[in-house]
Amino acid sequence: MQQFTDDDLQDVEPIKVTPALVATTKAVVVAAKPNVTVAPVVVEEETTVPTAPGPDDEDVEFGDEREMKFGDGLDRLQMKEKGKLARFALVSKAKAAFVHYIEKKGTYKCLSVRDKDHNVTQEAYCCQKLGAYKNAAQPAGAERIFVALVFHYENSDIKKGGLPKDASGASLPIEWSIKWVKLTRHNYRTITELEEENVKVTDIDMVMFLVPDRAFGYGFRRINAKAVWKQIPQLVAEVEAALKPLADGKKLANKLGRSVSALEFRTVIATLAQGAEEANLGDVEEL
Ligand SMILES: [Zn+2]
């Protein structure tokens, strides 16, 4: 018999919410009904892209989920509105890097060399230049960021983080997908602090939300000391299969930021400098 541990909902702050739709990019639905020994129903994704025989042009219906997905198909779990909770569990170790975020351009991996304690032993051009522009409007020095793969409970309750139940209280199928999260050092610390004696942070279900009283920034809370997906054998098998193509960590590592050569970074910074007060087009010529 399968019985989930109760969510420790008291840990979750009630947050004022305006109900809104949760975007569901459903992957596979697995029946998560406890107390049932029947094999769970697995529903394959409905969208199928027709394989075009020969010609490059193919007919594509509007609303095709695959067409709307951009990038490598690994979506980011992030919150856009306050008052909502996203429930997830960590399913990988974190990867970390020092990066520079450059407005309107993106995130680039820092090229400075650091020792194991993160002290810069050889400062690269990115840090020399971007450090100099440090103010609200301009990119600052290198920042440590973390990324990790997560199991996202797509149909968990957006107000409380609970899992879906029918009127009689029976568990409904969990809709889920593997996503990635980006964490600041502060987020990383917050999540690590959810760990307790005998409870590893990778064993729990947690919720993520935008901190109510700050302009930006995520908060995290534990919602179940035992991740529910790990308690459903069928789901465990599905998740393992979904994680297999990600096992080398490359896709996740790509989420840290763009890896560019020193030369490319100079070019990016040079175009930035053109708009800056102390424009120095010599940056380009230094190449
Ligand atoms: Zn740097």
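User: What makes residues 134-139 a stretch to treat with care?

Analyst: Their pLDDT stays under 50, on a scale that runs from 0 to 100. The model does give residues 134-139 ten contacts beyond four places in sequence. Residues 277-287 also stay under 50, and there the model has twelve such contacts. Where pLDDT is low, the predicted coordinates should not be read in detail.

User: OK, on to the fold. How many helices and strands does the protein chain have?

Analyst: Seven helices and eleven strands. Of the contacts with a separation of 6 or more, 67% are between residues 24 or more positions apart. Buried residues make up 24% of the 287 in the chain.

User: Why is Ile102 called buried?

Analyst: Ile102 has 21 C-beta neighbours inside 10 Å. The cut-off for buried is 20 or more, so Ile102 counts as buried. Ile102 is found in strand E4, and its C-alpha is 9.0 Å from that of Ile269, 167 residues away along the chain.

User: Why does Tyr101 count as partly exposed, then?

Analyst: Tyr101, which lies in strand E4 too, has 15 C-beta neighbours inside 10 Å. Buried takes 20 or more and exposed takes 12 or fewer, with partly exposed in between, so 15 makes Tyr101 partly exposed. Its C-alpha is 8.0 Å from that of Ala142, 41 residues apart in sequence.

User: How do you know that E4 and E5 pair?

Analyst: Four bridges join E4 to E5. Pairing needs at least two, so these strands qualify, and they run antiparallel. Val99 stands opposite Lys109 in E5.

User: Why is Lys104 called exposed?

Analyst: Lys104 has 6 other C-beta atoms within 10 Å. His118 has a positive phi of about 75° without being a glycine, and is in the loop between strand E6 (113-114) and strand E7 (120-122).

User: Which residues have the most contacts inside the largest nonpolar core?

Analyst: Phe88, Ala89, Val150, Phe151 and Trp229, in a core of 37 residues. Elements giving two or more residues include strand E3 (86-90), strand E9 (174-184) and helix H4 (233-243). E8 gives the most, with seven residues. Leaving aside neighbours within four places in sequence, Trp229 is in contact with Ala89, Phe151, Trp176, Leu235 and Val239.

User: What is in the second core?

Analyst: It is separate and has eleven residues, among them Ile102, Tyr108, Cys110 and Ala142. Membership calls for a buried residue of a nonpolar kind, Ile included, and Ile102 counts as buried with its 21 neighbours.

Definitions and conventions:
Residues are numbered from 1 along each chain as its sequence is written. This is a predicted model: local features need pLDDT of at least 70, side-chain atom pairs count only at pLDDT 80 or more; totals for chains, interfaces and linings use all residues. Two residues are in contact if their C-beta atoms, placed from the backbone, lie within 7 Å. A nonpolar core is a set of buried Ala, Val, Leu, Ile, Met, Phe, Trp, Tyr and Cys residues joined through C-beta atoms within 7 Å. pLDDT is the predictor's confidence in each residue, from 0 to 100.
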